[in-house]
Amino acid sequence: MILTVTLNAAIDRTLAVPNFHIGRRHRAVDQTAVAGGKGVNVARALRALGRPVLATGTAGGGTGGRIIQLLDDEGIANDFVRIQEESRMSTAVIDPTDGVTTEINERGPALSNAERERVVERILYLTQGAQIVALCGSLPRGLPVELYGELIEELRRLGVTTVVDTEGEPLRIATRACPDLISPNLAEAEELVGHEFADDEDRLNGVRDIIAMGARGAVITYESGCLALVGGDSSERVAYRVTVEPREPLSAVGAGDAFLAGYVAGLYEGGSAEECLRFATACGAESVRHVGAGVIDPREVERLMPELLVERLAEPAILSP
């Protein structure tokens, strides 16, 4: 089983607003509302791919109750810790005339010390039935930035594969805790290593820097594919570049979550690093044709697979610290 952790879950509202402009009054021509947050989006995609997945995290107030109801309605197995403060809502405005998306994410609830302890206990309890745990998204207020790092260390002692998708200081600390994989997008990776990337050589140096920080594997995602340094111990790691012709996007929201779900799905099935990256890239590329994060069509993913270009790069992998 795969366990996804979303400590700052949300209801994600998506509005389609043609010719959207700041400061003007508009009418939406379409709207949706689904349970959201990175880990929830990953769980949605994993379920679509037919992998056994359980979503956990925190849910508070009436919004939290609605999150759980929406997950139940989708058939996504879940076990969330109820907290006192109200869970957040996030809004994405998509302009269908040009594909531009504007996102507004609420800050979200704060957790008490008692709620924090209950969350950690629940994660470790559910981990007993999991082979892979994906720690995803931002941390709610009241939780220390070290939490993901602490969880990674505990999960490693339990023999569980750990995957992390977050940003900022929580990502930096989590990387030092040596997770099996981190999957930042381009901006998140640049912030992590402390400089911008001008080209693929910079991106390759970026994944090397991330491995040097502690991660066992790293993938940097961007619109046309990804660049990765993955495969296990230092002597086994290989650098890959995977390229796909970008699709005309209906919505790019959640493409990274679909990518991560594809990689985790391949990992769960015992696929090689190359197979996981190929499948993940196809999932991410297919997802932009849908409104709603983590929404993918497995049949279209399979049709897209032959179009991918996977290159094994000749540069030697960096040694572990």
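Predicted model: local features only at pLDDT ≥ 70, side-chain atom pairs only at ≥ 80, totals over all residues.
Which backbone oxygen does the side chain of T58 reach?

**Entry 1: T58**

Residues are numbered from 1 along each chain as its sequence is written, and side-chain values use heavy atoms, with hydrogens and water left out.

I found that the side chain of T58 reaches the backbone oxygen of L7 at 2.6 Å. I placed T58 in strand β4, residues 53-60; helices (H or I, at least four residues) and strands (E, at least two) are DSSP runs numbered from the N terminus. T58 is buried, at a relative accessible area of 1%; buried means under 20%, exposed over 50% and partly exposed in between, with a 1.4 Å probe and protein chains only. I then listed its contacts (heavy atoms within 4.5 Å). With neighbours within four places in sequence left aside, T58 is in contact with T6, L7, N8, A9, F80, V81, I83, S87, L111 and V119.

**Entry 2: T63**

T63 counts as buried at 12% relative accessibility. Not counting residues up to four places away in sequence, T63 touches I11, E86, S87, R88 and M89.

**Entry 3: α1 against α8**

I checked how helix α1 (residues 38-48) packs with helix α8 (residues 255-268): the angle is about 55° and the axes are 8 Å apart. Axes are lines fitted to C-alpha atoms, for helices over the stretch in contact, and angles run from 0 to 180 degrees between N-to-C directions. α1 and α8 are therefore oblique to each other; angles under 35 degrees count as roughly parallel, over 145 as roughly antiparallel, 65 to 115 as roughly perpendicular and the rest as oblique. From α1, K38, N41, V42, A45 and L46 meet D257, A258, L260, A261, V264 and A265 of α8. I sorted the residues of this contact into eight nonpolar, one polar and two charged. Here Ala, Val, Leu, Ile, Met, Phe, Trp, Tyr, Cys and Pro count as nonpolar, Asp, Glu, Lys and Arg as charged, and the others, Gly among them, as polar.

**Entry 4: α3, α4 and what covers α4**

I compared the axes of helix α3 (residues 113-127) and helix α4 (residues 147-157), which pack at about 30° and stand 11 Å apart. α3 and α4 are therefore roughly parallel to each other. R116, V120, I123, L124 and T127 of α3 make the contact with L147, E150, L151, E154 and L155 of α4. The residues of this contact divide into six nonpolar, one polar and three charged.

I recorded L147, Y148, G149, L151, I152 and L155 as the buried residues of α4. Their cover includes α3, β8 (132-136), β9 (161-165) and α5 (168-176). After α4 comes G159, with a positive phi near 80°.

Which phi does N19 have? I read a positive phi of about 55° for N19, although it is not a glycine. N19 sits in the loop between β2 (10-16) and β3 (30-36) and is partly exposed, with a relative accessible area of 48%.

I noted C178 as well, not a glycine, with a positive phi of about 65°. C178 is in the loop between α5 and β10 (181-182) and is partly exposed at a relative accessible area of 33%.

Conventions. Polar contact = N/O pair within 3.5 Å; in protein donor to acceptor, adjacent residues only side chain to side chain.
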